[in-house]
Amino acid sequence: MKYIVIPEPGKVEVKEMEKPVLQKGEAILKVLYGGICGSDMGTYKGTFLYASYPRIPGHEFSAEVVEVGENSHGIKKGMIVTANPYFNCGKCYSCRRGFVNCCTSNQTLGAQRDGIFRQYYSMPIERIYDGKGLDALTLAMIEPFCISYHSVQRTSVKAGDKVLVVGAGPIGLFAVMAAKLKGAEVYVSDMMQNRLDKALEIGAAGVIRTDKEDFAERVKAITSGDGFDVCIECVGLPQTFQNCIDAAAFRGRIGLVGVGKQKLDFAFTQIQTKELDIFGSRNALKKDFIELIDLVKSGGCDVTRIITDVYELNEAEKAFTDMANDPNSRLKSVIKIG
């Protein structure tokens, strides 16, 4: 079977490997679509915090079940499914308390262990979720949506909240969708106009162009000087975290989703003065997947609206180079694997 590998920064190859053999407690999945995540691009560019090489990328995907063993827990051959790609140890303090998404030895497919960008993959049955009739392209977007949905859950977004999403990449746009599902009034800040336009298209109440507008003045105008109830950081840079601290209301809530390598030097007393609640948000939980599959199936939102490109498997190198060379015109690129 074919698979995609990043042997070193700046290089993508399509190679051959043996098809997996069914293992006890697992199912063989024929991978259909795989989305290119920001972490995959970070591995390609050499900027991702958890990158090591060579690495098979990919963890947001849809697949068809082609083989399944005994005790399948309702997973059947022919089902179109997605799966939880965050492997946890089951033994650490986080896992023992049920916080498996932030296992101290977490290994996410495509990040700390080889990923799903291959034609077939053997996945533990308990990680596989029935797509409930969603088409394969839509189902491939459930995992990245879960990342944003989890942050909205962590920050307890509720109806009537004014929410600022900092960063209008795919995770930021999914955060807009997730917060709107909770009934919030959502605003978005970014430097790329096309991404801000997309945010407005999917329902943002307003946007802030941070390289052309006075950020503090726009926050003041939007919130009548009160600040935002919730700020969700989806970039992973010191300045965007600082923007969240500055924009949050006194007793506001901040969710940190972005992953970055840089350190932040800031007046930390702002956190005490405002009595801010700051929540890290890592990965997602089974309940996030199940809830979102149901919400998307019910017509709550169209997650395919942020897909800008679909490539064939043999175009993998082009998919990564196009995204690296022209990020302004691309949001979510997807590779058709099977």
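The model is predicted, and local features require pLDDT of at least 70, side-chain atom pairs count only at pLDDT 80 or more, and totals for chains, interfaces and linings use all residues. Residues are numbered from 1 along each chain as its sequence is written, and side-chain values use heavy atoms, with hydrogens and water left out.

Helices (H or I, at least four residues) and strands (E, at least two) are DSSP runs, numbered from the N terminus. Tyr86 and Phe289 are both buried, that is, under 20% relative accessible area, whereas exposed is over 50% and partly exposed in between (1.4 Å probe, protein chains only). Ring pairs also join Tyr86, Tyr129 and Phe289 into a cluster.

The pair of Phe145 and Phe174 is stacked, because the ring centres are 5.1 Å apart and the planes stand at 20°. Phe145 lies in helix H4 (residues 142–154) and Phe174 in helix H5 (residues 170–181), so the pair ties together parts that are 29 residues apart in sequence. Phe145 is buried at a relative accessible area of 0%, and Phe174 counts as buried at 0%.

Lys19 lies over the face of Tyr120, 4.3 Å from the ring centre, and the charged end of Arg127 sits over the ring of Phe87 at 4.3 Å from its centre. The criterion places NZ of Lys or CZ of Arg within 6 Å of the ring centre and within 35 degrees of the ring normal.

Met41, in helix H1 (residues 38–45), is buried with a relative accessible area of 7%. Its contacts (heavy atoms within 4.5 Å), leaving aside neighbours within four places in sequence, are Ile36, Phe320, Met323 and Ala324.

An open sheet of 6 strands is ordered S12-S11-S10-S13-S14-S15 with parallel pairing, two strands being paired if DSSP finds at least two bridges between them. Strands S12 (206–209) and S15 (277–280) each have a single partner strand, so one side of each lacks a neighbour in the sheet.

Technical notes: Rings of Phe, Tyr and Trp (its six-membered ring) pair if their centres lie within 6.5 Å; planes under 30 degrees apart count as stacked, over 60 as edge-to-face and the rest as tilted.
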